[in-house]
Amino acid sequence: MQLRIRLTCRKFEIWALWLFSLVIGLYILNFTLALIILNKDVKTTRGMLYPRESETREVRSLDGIWNFVCSDEANPTQGIRDNWFSNDLSKSRPIIPMPVPASYNDITTEQALRDHVGTVWYDRKFFVPRSWAKDQRVWLRFGSVHYEAFVWINGESAVKHEMGHLPFETEVTHLLKYGAENRITVMCDNALIQTTVPQGKISEVANDGGVAIIQSYTFDFFNYAGIHRSVHLYTTPKTFIEEVEIQTKLTDNNSVGYVDYSVVVNGTAANEADNSLYVRLQLYNREGELVANSTSDSKLSGSLKVQNANPWWPYLMHSDPGYLYELEIKLHAANEQLLDVYRLSVGLRSLSWTNTTFLINGKPIYFRGFGRHEDADVRGKGLDNALMVRDFNLIKWIGANAYRTSHYPYSEESMQFADQHGIMIIDECPSVDTENYNQALLGKHKSSIEQLIHRDRNHPSVVMWSIANEPRTGQLNADTYFQFVANYTRSLDSSRPVTAAIATPWTDDKAGKYLDIISFNRYNAWYSNTGRVDMVTQRVIDEATAWHKKYGKPVLMAEYGADTLEGLHLQPSYVWSEEFQTELFSKHFKAFDALRRKKWFIGEFVWNFADFKTPQSYTRVGGNKKGIFTRARQPKAAAHLLRQRYFALGREVDQCNLPEDLFTYIVDMSMGGNIKNDSSDL
């Protein structure tokens with residue numbers, strides 16, 4: 001009996017050991033599979049030209065006051081199940097008015113809406129003229145909806161799009177009622193999870209009333225949501241210009257410019273007789289004079305040559321920065337019939353880079369600028385033309401020549417403004433604090449980059465692609481992940497360098513070897529050694545030098561700064577005071593000047609241009625206060641110091657003129673008989 005029991009126990013032990021080994025084996029297998037990331041193809045974007053009127057196109061805005069309904073957080077799909085899109089939203093729930101474009105979070109006085117997690121609904125009605133039904137196509141285009149959008153026209157599904165800050169469109173010719181009233185309905189979902197770009201987490205937390213749905217994320221800006229940019233209806237002919245891609249270069253000491261172009265056509269005629277279509281291109285200068293023309297080959301591609309070219313130069317590098325030509329593209333059928341006309345601005349410039357230098361039109365560039373946010377009181381991240389113009393006035397007032405679109409693509413209107421004013425852009429996709437690398441995340445990350453490059457590839461102001469901000473590049477599979485992302489970016493556009501703003505210590509980083517430019521973020525005397533401005537200069541010099549020594553590439557500092565409460569003055573300087581921000585900047589300036597002498601250090605970017613909203617936190621008083629301007633776009637003390645530095649750099653590097661009000665009059669030194677007065681006093 002005892003022997004039988006011992007044998008039974010032994011069998012149980014063997015079975016338990018086998019089961020334990022199986023579980024461990026499956027865990028290891030799953031863990032290993034999670035680390036294996038394959039470089040799969042992603043769906044590419046078609047069309048998406050910015051809506052412009054022409055002889056063959058009409059554009060109508062749907063901006064204005066829409067109807068708005070907020071779903072229950074605990075039941076975010078109720079509207080789908082109950083078919084809210086099949087009728088006016090007012091028939092399903094009480095509605096409130098909501099401006100478009102705007103974030104919905106700060107429009108009302110309700111905390112529940114500000115902090116809402118999940119879906120919200122918009123609708124409005126509009127008329128379509130009878131004339132639009134004749135021999136043309138109608139398209140619906142959104143500048144951006146954050147984060148995911150589902151759109152219906154007259155109760156019929158029209159389009160679905162995932163990815164905030166980027167445009168999407170669809171043809172709605174077959175969904176519209178012509179000469180009659182139509183209804184558009186939009187469901188917007190702001191939920192962020194580990195496979196969205198950017199990432200987040202959703203959890204259920206007990207509260208006084210039961211359970212609250214909590215959206216958490218590690219990035220330090222508020223997750224504003226809604227229809228953030230303009231909504232347009234526009235028409236095209238049945239056969240139309242769908243895409244235009246241009247590349248420019250300069251030769252002969254920048255006196256001769258070339259515009260290489262490629263046009264994609266869509267429509268009935270294109271499908272039936274590709275070889276019978278061609279495009280004629282005419283390039284006009286600022287005075288409206290024709291300077292070049294071309295007729296395409298059968299592949300709808302070719303080149304324009306511009307004599308006596310006016311190059312596109314960054315702000316303060318030339319007396320006439322941001323020079324733009326107008327490119328007119330006319331699509332013709334074989335019988336000379338004009339099918340479509342589209343126009344866009346073109347800047348003639350060449351980009352190049354080495355392991356020490358970044359050049360525009362053959363001239364080395366020293367970047368001086370900001371990280372920024374699309375953020376403002378009340379409208380959140382909604383497009384605001386008045387604010388945009390104010391921001392560009394401040395950028396030029398302070399003498400900056402560049403900024404990074406931290407940490408997502410900015411509006412197309414702001415990109416056009418940057419073209420016009422000669423402001424260089426480091427164009428960043430919405431990947432921020434990227435971690436927990438996996439196959440699904442890689443696909444969406446690559447898709448965000450593809451959509452960004454497709455949208456912005458023709459902008460002369462875009463001089464660099466940023467593929468992430470502060471990704472966790474020390475994690476185990478960051479190496480493979482960023483190899484795929486960087487190489488994919490180059491496959492889409494090899495004419496611009498690839499960077500990422502890295503906060504991981506250089507000793508742990510695995511991504512820099514795949515970049516062309518090393519950008520690093522570091523907050524000496526703020527997040528580390530708080531208040532110790534005597535621990536800034538040498539640390540910045542040492543870290544920048546270490547990055548260059550490790551990778552042998554140009555280096556720039558993409559973020560540095562300190563939170564500053566406007567109006568707080570403390571002497572001696574103390575954290576949060578305007579004196580501290582000014583002193584901290586000065587210590588960085590000293591480091592930058594030492595690094596500039598090494599020739600491979602190519603730029604300095606303050607964090608941030610203006611104060612901005614963040615999630616609620618005891619470390620944030622009304623948001624992030626690292627701006628040199630307040631959220632209302634008024635300067636703090638450090639803005640005047642930064643202005644003096646940026647213009648002084650412009651004078652040294654680019655021989656620009658100094659503004660008359662750059663320095664405040666103090667004293668006439670020549671009036672003192674025994675006072676030394678020479679150039680060293682300046």
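Predicted model: local features only at pLDDT ≥ 70, side-chain atom pairs only at ≥ 80, totals over all residues.

Residues are numbered from 1 along each chain as its sequence is written, and side-chain values use heavy atoms, with hydrogens and water left out.

Rings of Phe, Tyr and Trp (its six-membered ring) are taken as a pair if their centres lie within 6.5 Å; planes under 30 degrees apart are stacked, over 60 edge-to-face, and the rest tilted. The count by this rule is 37 aromatic pairs. One of them is tilted: Phe68 and Tyr104, at 5.5 Å centre to centre with 45 degrees between the planes. Phe68 belongs to strand E2 (residues 64-70) and Tyr104 to the loop between strand E3 (96-100) and helix H3 (111-114), so the pair links parts of the chain 36 residues apart, where helices (H or I, at least four residues) and strands (E, at least two) are DSSP runs numbered from the N terminus. Both Phe68 and Tyr104 are buried; buried means under 20% relative accessible area, exposed over 50%, and partly exposed in between (1.4 Å probe, protein chains only).

Tyr560 and Phe585 make an edge-to-face pair, because their planes stand at 65 degrees with the ring centres 5.5 Å apart. Tyr560 lies in the loop between strand E31 (555-559) and helix H10 (578-596), and Phe585 in helix H10, so the pair ties together parts 25 residues apart in sequence. Tyr560 is buried at 0% relative accessible area, and Phe585 is likewise buried at 0%. Elsewhere, one aromatic cluster is formed by Tyr217, Phe219, Phe221, Phe392, Tyr403, Tyr408, Tyr410 and Phe417.

Charges also meet rings, the criterion being NZ of Lys or CZ of Arg within 6 Å of the ring centre and within 35 degrees of the ring normal. Arg372 lies over the face of Phe609, 5.0 Å from the ring centre, and the charged end of Arg596 sits over Tyr366 at 5.5 Å. Arg596 is also part of a salt-bridge network with Asp593, Glu604, Arg645 and Glu652.

A salt bridge needs a side-chain nitrogen of Lys or Arg within 4 Å of a carboxyl oxygen of Asp or Glu; the structure holds 46. Glu328, which is buried at 8%, bridges to Lys330 at 3.8 Å and to Arg343 at 2.8 Å. The pair of Glu328 and Arg343 links strand E20 (residues 325-332) with strand E21 (residues 338-346).
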